[in-house]
Amino acid sequence: MLDDTLIQQLATELDQSEKTRVPLEHFSKRFPGMTVEDGYRIGRAWVALQIAAGNKVIGHKIGLTSRAMQMASQIDEPDFGTLLQSMLFTAQAGQVLEIPASRFIAPRVEVELAFVLKAPLKGTGVTVADVINATEYVTPAIEIIDARIEQLDRHSKAMRKVFDTISDNAANAGIVLGTGDERYRADPLTTDLPWCGAVLKQNGVVEETGLAAGVQGHPAVGIAWLAHKLAPWGESLRAGQIVLAGSFTRPVAAKVGDLFEADYGALGCLTFKFV
């Protein structure tokens, strides 16, 4: 386990990476003995730096929700990170949201659903039914993931490990939500959430399609899991927070000039461009 001084040092390095847009070498390579818990401690220390600088926590994200991604990362459960106010982009229905590519190092786009809570979820006994009852509405959401810790080692080209991804706030860097269309606010009690799907186009070409059932069978499963995982840290999911349930498509790399359209059918459409 890494000591507190080193945890703070690595969190500061991540903070500098975000500001300079220069990615870091793998923490797992530099410190081969680091653990998953070390990764979460680093991520929390980074969030604390963000809050000290005036940022605000608006929710949480769940990642590595598919079995294939877990196997690739050599873990048997998802990971999680924190959503901050500075990460939020809002797309007006029928318009193209412009996202500055300069905000990111190597942005990639994932298609998800977000749960907006009206009541808190706390403890290790939270169930899927509790999640549904505590949710005000479910809405289409795009997660923009990034690599403040480089995805491929600059020397060996080896993929970063789960310890690196967790340290890097589970790779989260941005979230796109919609406004101006009542379809964006799906009732969790009457919507068949596992069958909610989306088609993601990049520059007019279909790159990904998927169903929310790809997220552990039901997107609310991960929300309940997250409540369980936060409990030992003395934390919980709070009313008003946004919780990203996990991607049901592969990440799609984005660059300046790329136009994306995420069509969720009955739940509306999000359109955005990296500029």
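Two residues are in contact when heavy atoms of theirs lie within 4.5 Å. The model is predicted, so local features need pLDDT of at least 70 and side-chain atom pairs count only at pLDDT 80 or more, while totals for chains, interfaces and linings use all residues. Residues are numbered from 1 along each chain as its sequence is written, and side-chain values use heavy atoms, with hydrogens and water left out.

Residues up to four places away in sequence not being counted, Arg108 touches Glu143, Ile144, Ile145, Gln151, Arg160, Pro251, Val252, Ala253 and Ala254. Is Arg108 buried or exposed? Arg108 is buried, a term for a relative accessible area under 20%, whereas exposed means over 50% and partly exposed lies in between (1.4 Å probe, protein chains only). A salt bridge requires a side-chain nitrogen of Lys or Arg within 4 Å of a carboxyl oxygen of Asp or Glu.

Elsewhere, such pairs do occur: a search of the whole structure finds 17 salt bridges. In one of them, Glu13 is joined to Arg30, with the closest N and O atoms 2.8 Å apart. Arg30 is partly exposed, at a relative accessible area of 34%.

Asp15 forms a salt bridge with Lys19, and the closest N and O atoms are 3.1 Å apart. The two residues are four residues apart in helix H1, so about one helical turn separates Asp15 and Lys19. Asp15 counts as buried at 12% relative accessibility, whereas Lys19 is exposed at 56%.

Arg44 forms a salt bridge with Glu235, again with a distance of 3.1 Å between the closest N and O atoms. Arg44 lies in helix H3 (residues 36-52) and Glu235 in the loop between helix H7 (219-230) and strand S10 (242-244), so the pair ties together parts that are 191 residues apart in sequence. Salt bridges also link Asp4, Asp38 and Arg41 in a network.

The nonpolar interior comes next. A nonpolar core is a set of buried Ala, Val, Leu, Ile, Met, Phe, Trp, Tyr and Cys residues joined through side-chain atoms within 4.5 Å. The largest nonpolar core has 55 residues, of which Tyr264 and Phe274 touch the most other members. Helix H7 gives the most to this core, with seven residues. Apart from it lies another core of 26 residues, including Ala45 and Ile242.

Finally, five strands form an open sheet in the order S4-S13-S12-S8-S9, with mixed pairing. Two strands pair if DSSP finds at least two bridges between them. Strand S4 (97-99) and strand S9 (205-211) are the edge strands, each pairing on one side only. Strand S8 (residues 197-202) and strand S12 (residues 259-263) pair in the antiparallel sense over four bridges, and Lys201 stands opposite Glu261 in S12.

Methods: Lys, Arg positive; Asp, Glu negative; His and termini not counted.
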